[in-house]
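The sequence and the structure are shown here.

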Amino acid sequence: MDNMNLVFQMNKFVGDLHVFKTKVHNFHWNLVGEHFFVIHPMLDEIMSEIDEQIDSVAERLLMAGHRPHASLDVYLKHTVLSEVESKPYCAKEAVNLMLGDFKVLLAEINIIMKLAEKEDNQATLSLMTDIAALYQKHIWMFGAWLA
Ligand SMILES: [Fe+2]
């Protein structure tokens, strides 16, 4: 991994995932109304997935001889996501906000994949392809649920 732009994009993604997990936790805690018993535990699963993704992307950076970003201050400086306030969220509102974030994150993944492709970095490409496939599934399911 010689392209410092790729290293930066992956580090930015580590930060995006931290912000995203905080938002999902927010929705998990502040969820109200109908569908609570379905959406509340589903958000636990999404958070577990995000944790795994954070660890995998950060460790891929380390395997390539780089150091992952590891501070909230740095994450917030570079993230493409915006945080939301702590207030009650109904299921549709929470799912809709997460759907938007999944789309933004998928666009970030596509940037990383293009850079990884350029340097024939198959390990990074494979990792990001798996994450992208999972996000595409969530985007489809969230969209179907909201329809
Ligand atoms: Fe919980």
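## The start of the chain

Leaving aside neighbours within four places in sequence, Asn3 is in contact with Leu115 and Glu119. This is a predicted model. Asn3 belongs to the segment that comes before α1. The C-alpha atoms of Asn3 and Ala116 are separated by 8.7 Å, although these residues are 113 residues apart along the chain. With 13 other C-beta atoms within 10 Å, Asn3 is partly exposed.

## The nonpolar core

The largest nonpolar core has 30 residues. Met10, Ala94, Ile112 and Met128 are the residues with the most contacts inside it. Two or more residues of this core come from each of α1 (4-30), α2 (36-63), α4 (91-118) and α5 (122-146). The element that gives the most is α4, with eleven residues.

Which residues does Ala94 touch, leaving aside its neighbours within four places in sequence? Ala94 is in contact with Phe27, Leu31, Ile39 and Tyr89.

## How α1 packs on α4

A pair of packed helices is described by the angle between the axes and by the distance between them. For α1 and α4, the angle is about 165° and the axes are 10 Å apart. These two helices are therefore roughly antiparallel to each other. Their crossing is left-handed.

On the side of α1, the contact is made by Asn5, Leu6, Gln9, Met10, Phe13, Asp16, Phe20, Lys23, Val24 and Phe27. On the side of α4, the residues are Ala94, Met98, Asp101, Leu105, Glu108, Ile111, Ile112, Leu115 and Ala116. Met10, Ala94 and Ile112, which take part in this contact, are also among the residues with the most contacts inside the largest nonpolar core.

## Helix α2

Helix α2 has 28 residues, and the distance from its first C-alpha to its last is 41 Å. That is close to the 40 Å expected at 1.5 Å a residue. The buried residues of α2 are Ile39, Leu43, Ile50, Gln53, Val57, Ala58, Arg60 and Leu61. Among the elements that cover them are α1, β1 (31-32), α4 and α5.

His35 is found in the loop between β1 and α2, and has a positive phi of about 75° although it is not a glycine. His35 is partly exposed, with 16 other C-beta atoms within 10 Å. Just after α2, Gly65 takes a positive phi of about 85°.

## How α2 packs on α5

The crossing of α2 past α5 is left-handed. Glu49, Gln53, Ser56 and Arg60 of α2 make the contact with Ala123, Thr124, Leu127, Ile131 and Leu134 of α5.

Leaving aside neighbours within four places in sequence, Arg60 is in contact with Ala123, Thr124 and Leu127. Arg60 and Ala123 are 63 residues apart in sequence, and their C-alpha atoms are 8.2 Å apart in space. Is Arg60 buried or exposed? Arg60 is buried, because it has 21 other C-beta atoms within 10 Å, and a residue with 20 or more counts as buried.

Helix α5 has 25 residues, which should span 36 Å at 1.5 Å a residue. The end C-alpha atoms of α5 are 36 Å apart, so the two values agree. Thr124, Leu127, Met128 and Ile131 are buried in α5. What covers these residues includes α2 and α4.

The loop between α4 and α5 holds Asp120. Asp120 is a residue other than glycine with a positive phi, near 50°. With 7 C-beta neighbours inside 10 Å, Asp120 counts as exposed, because the limit for an exposed residue is 12 or fewer.

Definitions and conventions: Residues numbered from 1 in each chain as written. Predicted model: local features only at pLDDT ≥ 70, side-chain atom pairs only at ≥ 80, totals over all residues. Core = buried A, V, L, I, M, F, W, Y, C linked by C-beta atoms within 7 Å. Helix = DSSP H or I, 4+ residues; strand = E, 2+ residues; numbered from the N terminus. Contact = placed C-beta atoms within 7 Å. Expected span 1.5 Å × (residues − 1). Left-handed = near helix turned anticlockwise from the far one by under 90°. Axes fitted to C-alpha atoms, helices over the stretch in contact; angles between N-to-C directions. Parallel < 35°, antiparallel > 145°, perpendicular 65-115°, else oblique.
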